[in-house]
Amino acid sequence: MTSYSSDLLRLLDERGYIHQVTDAAALDALASKQIVPGYIGFDPTAPSLHVGSMVQIMLLRRLQQAGHKPIVLMGGGTGKVGDPSFKDEARKLMTVETIKANIATIKTVFERFLTFGDGPTDAIMVDNADWLDALEYLPFLRDYGQHFSVNRMLSFDSVKLRLDREQSLSFLEFNYMILQAYDFLELSRRTGCRLQMGGSDQWGNIVNGIELSRRADGTEVYGVTTPLITTADGGKMGKTMSGAIWLNEAQLPHFDYWQFWRNTDDRDVGRFLRLFTDVPLDEIARLEALGGAEINEAKKILANEATALCRGREAADAAAETARLTFEQGSAGGDLPTISVPEGAISLVAALVQAGLATSNGEARRKIAEGAVRLDDVPIKDPAHEIEIGENQIKLSLGKKRHALIVR
């Protein structure tokens with residue numbers, strides 16, 4: 001670890017958030033003597049962010065914990081274009097109404113992680129549509145176009161990857177990095193923002209913004225990127241067989257969110273506790289040293305604390321109790337995903353798909369044939385099996401860790 005004098009960089013370093021820093025010594029000195037407003041941008045491409053955004057959300061939380069000011073930038077303007085970074089093709093364009101609706105639901109999650117208000121270290125949420133929508137093309141080109149080198153922009157990995165693959169990169173998307181750079185300039189002017197943070201794939205965009213701020217206004221601003229978070233088996237964080245792990249309850253039940261963290265690989269427990277919870281570092285050191293079956297206790301703590309931050313302590317406790325009843329006592333906890341069958345009967349294949357335990361009828365049939373599906377803990381291997389629903393609920397299980405309830 002690097003030796004930093006500021007609480008901010010020391011905290012980020014100790015918990016594993018730092019991948020790259022522009023002029024670390026100058027940022028360290030600045031954070032030691034004054035409040036540093038810092039921002040991260042989020043494009044509202046869906047009604048909820050997913051767990052892949054958690055590192056960035058926690059980064060803003062750490063910024064506030066260290067006595068600085070978080071700025072949540074919603075991409076109501078850039079969301080109309082779409083970030084081309086490391087994408088194989090252009091994003092589908094969204095309507096203005098969809099973007100506004102997505103921002104409204106996404107904001108509810110940030111209110112759990114950050115303290116918003118008017119104080120010097122209180123978080124604020126801004127929308128880049130406030131300034132991007134008002135831009136006039138020719139004045140913008142005249143005032144800022146001279147500060148961007150196309151040669152330099154073509155060298156950034158996010159663009160170079162698409163070109164190397166001979167995949168189309170539209171002029172619309174190419175403009176995204178110019179708009180993001182302009183965001184940094186606008187935020188430095190409007191809010192005194194001195195820091196942009198983001199994932200390692202945003203390095204080129206961040207550097208663009210730093211250079212624009214220096215050339216246009218003579219303002220020194222800084223950037224911090226986080227490492228790409230992969231699981232111990234090399235997979236991408238948050239990518240599961242059952243789909244995205246959404247942060248909003250409307251997109252994913254509390255129990256499924258809790259269970260995602262509970263299923264963490266043994267090798268990832270310590271790292272994820274540092275990144276995704278507020279558990280003290282000395283306690284994390286004790287937990288990650290546990291061996292054998294004891295590591296499961298550390299996983300439960302990870303699931304409880306990560307869920308409490310995102311969904312609230314009551315939701316975390318309910319999910320933990322459901323897991324205890326389901327796995328330790330063999331009964332069915334009340335917080336499991338539930339499907340209702342008013343007509344009293346449903347095919348096993350349809351039940352698996354409706355419960356989200358399989359993504360298609362074909363996958364459901366394969367899982368049944370493999371012997372991975374059980375009804376009230378009794379294995380069922382007939383893909384044509386019909387489930388009759390009486391007075392009592394039925395527990396549907398896929399493997400040892402995924403369950404749902406079927407009720408009439």
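Q: Which handedness does the crossing of helix 3 and helix 4 have?
A: Helix 3 passes helix 4 in a right-handed crossing, meaning the near helix is turned clockwise from the far one by less than a right angle. This is a predicted model, in which local features need pLDDT of at least 70, side-chain atom pairs count only at pLDDT 80 or more, and totals for chains, interfaces and linings use all residues. Residues are numbered from 1 along each chain as its sequence is written, and side-chain values use heavy atoms, with hydrogens and water left out.

Q: At what angle do helix 3 and helix 4 pack?
A: About 45°, with the axes 10 Å apart. Axes are lines fitted to C-alpha atoms, for helices over the stretch in contact, and angles run from 0 to 180 degrees between N-to-C directions. Helix 4 covers residues 96–113; helices are DSSP runs (H or I, at least four residues) numbered from the N terminus.

Q: Which residues make that contact?
A: M54, I57, M58, L60 and R61 of helix 3, and F110, R112 and F113 of helix 4. Contact means heavy atoms within 4.5 Å.

Q: Moving on, how close do the axes of helix 1 and helix 3 come?
A: Within 9 Å, for helix 1 (residues 7–14) and helix 3 (residues 54–65). The axes cross at roughly 140°.

Q: And which residues touch there?
A: L8, L11 and L12 come from helix 1, and L59, R62, L63 and Q65 from helix 3.

Q: What is the handedness of that crossing?
A: The crossing of helix 1 and helix 3 is right-handed.

Conventions: Helices (H or I, at least four residues) and strands (E, at least two) are DSSP runs, numbered from the N terminus.
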